[in-house]
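User: I'm new to this one. Can you walk me through it?
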Amino acid sequence: MSTTTMNAIGFTESKPIDAPESLYEFTTAIPELEKFDLLVKVHAVSVNPADAKVRVRAAAGKTLDTPRVLGFDAVGEVVAVGANVTEFKQGDRVYYAGDITRPGSNSEYHTVDSRIVALAPKGLTDAEAAVLPLTALTGWETLFDRLRVDPTERKTLLIIGGAGGVGSITTQIAKQMTNLTVIATASRPETEAWVKEMGADYVANHRNLAESVRDLGFETVDYIFNTADTIGHWDAMADLIAPQGMIASIVEFDGGVDLSKLQGKSAGFVWELMFTRTLFKTGDMYKQGDILKQVANLVDSGRLKSTLSKELNGLTAESLKQGHTLVESGAMIGKVAINFD
């Protein structure tokens with residue numbers, strides 16, 4: 001490559017998103033490749049709650065020496081490959097969810113471990129594809145690695161937060177890859193319509209969760225996936241979970257919950273964090289690339305669809321701030337993507 005520098009968006013202090021320089025543009029060196037890396041010219045990214053959480057926590061009460069670049073989801077073109085890369089070549093259009101321990105994708109170029117990457121779905125635009133990796137990996141890992149769902153069993157799954165990015169794609173995966181009956185929560189007419197469009201069999205209201213689920217005819221459910229509020233729904237989840245059922249969550253919380261509420265039912269609770277495999281460089285880290293490959297095939301065969309609901313444009317601090325504002329509103333349906341080109 002003839003150029004050695006690139007534009008990026010980052011932060012050095014944790015500030016409210018509407019504060020000056022909560023995110024700002026700067027120029028930095030194009031990162032060097034490690035042996036399993038791809039260098040990707042980024043075409044589009046998505047903004048996730050994880051981006052906002054890192055922004056408000058990583059530099060709280062201090063100033064970073066160098067700007068922290070956010071961004072996990074990305075779609076782009078491979079422009080260089082590391083010495084040990086065999087699965088990809090220059091010119092490949094790829095998508096991935098990145099690694100929380102490395103600089104993010106809110107930059108012109110980005111390096112990522114090829115083992116957590118897949119070819120992007122052919123039938124989607126860059127923005128449509130960019131919203132899928134992090135949430136699809138989260139949903140897939142929750143169903144099959146954490147809850148250990150048997151695709152042949154005819155059981156029930158309650159998804160709390162059905163209209164969000166994770167809930168939306170998990171509903172689709174569950175309906176396409178298992179025999180589960182899916183109950184998704186929504187509390188507004190527009191979110192109820194969305195979760196039905198995603199494939200939910202039933203819609204419950206999270207504001208009176210246990211009563212609402214039982215009004216649908218379900219005394220208990222076999223699996224619960226909480227994508228919204230773990231501690232706020234704990235009592236209702238403990239009440240609704242079936243004997244020997246399993247609860248999974250992606251939402252951390254302060255304080256604690258009473259796990260003994262699950263004891264009599266021999267029910268279990270498990271965390272899902274999509275970054276675990278890359279954070280600890282687990283021996284099965286490559287499975288994230290495999291999962292994204294399967295997701296792309298399901299999209300291109302018409303079985304899964306993008307959860308894109310809002311599209312922004314430009315590798316600018318302003319567009320990233322708009323994305324963070326939408327995510328932090330708590331009212332986002334589906335996901336937001338930002339086109340860089």
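Analyst: We'll take domains, cores, a helix, salt bridges and a surface patch in turn.

User: What am I looking at, and what are the ground rules?
Analyst: This is a predicted model, where local features need pLDDT of at least 70 and side-chain atom pairs count only at pLDDT 80 or more, while totals for chains, interfaces and linings use all residues. Residues are numbered from 1 along each chain as its sequence is written, and side-chain values use heavy atoms, with hydrogens and water left out.

User: How is the protein divided?
Analyst: Into domain 1 (5-134 + 280-339) and domain 2 (151-272). Those bounds come from an automatic or database domain assignment.

User: How far apart are their centres?
Analyst: The C-alpha centres of domain 1 and domain 2 lie 28 Å apart. Domain 1 gives 15 residues to the contact and domain 2 gives 16 residues. Contact here means heavy atoms within 4.5 Å.

User: What about the inside? Which residues have the most contacts in the largest nonpolar core?
Analyst: Leu38, Tyr95, Val117, Leu143, Leu157 and Val295, in a core of 74 residues. Both domain 1 and domain 2 give residues to this core, so it lies between them. A separate second core has 19 residues, including Ile183, Leu209, Val213 and Leu262. A nonpolar core is a set of buried Ala, Val, Leu, Ile, Met, Phe, Trp, Tyr and Cys residues joined through side-chain atoms within 4.5 Å. Buried means under 20% relative accessible area, exposed over 50%, partly exposed in between (1.4 Å probe, protein chains only).

User: Switching to helix α1. Which of its residues are buried?
Analyst: Ala50, Asp51, Ala52, Val54 and Arg55. Their cover includes β1 (5-11), β3, β4 (68-69) and α10 (317-328). Helices (H or I, at least four residues) and strands (E, at least two) are DSSP runs, numbered from the N terminus.

User: Now charges. How many salt bridges are there?
Analyst: The count is 23. A salt bridge is a side-chain nitrogen of Lys or Arg within 4 Å of a carboxyl oxygen of Asp or Glu.

User: Show me one. What does Arg102 pair with?
Analyst: Asp37, with the closest N and O atoms 2.7 Å apart. Arg102 is in the loop between β6 (93-96) and β7 (109-113) and Asp37 is in strand β3 (residues 37-47), so the pair ties together parts 65 residues apart in sequence.

User: Are those two buried or exposed?
Analyst: Buried. Arg102 has a relative accessible area of 19%, and Asp37 has 1%.

User: And what meets Glu252?
Analyst: Arg57, at 2.9 Å, N to O. This pair links distant parts of the chain, 195 residues apart: Glu252 in the loop between β13 (241-249) and β14 (268-271), Arg57 in helix α1 (residues 49-57). Glu252 is partly exposed at 36%.

User: Which residues are joined into one network?
Analyst: Glu141, Asp145, Arg146, Glu272, Arg277 and Asp284, through salt bridges that share partners.

User: Last topic, the surface. Which residues form a nonpolar patch?
Analyst: Leu273, Leu279 and Phe280, with about 300 Å² of accessible area together. Areas come from the Shrake-Rupley method with a 1.4 Å probe, and for residues only the protein chains shown count as cover.

User: Where is Leu279?
Analyst: In helix α8 (residues 276-279). Leu279 is partly exposed at 38%.

Key
Patch = residues over 30% accessible without salt bridge, like charges linked within 9 Å, V, L, I, M, F, W, Y side chains within 5 Å.
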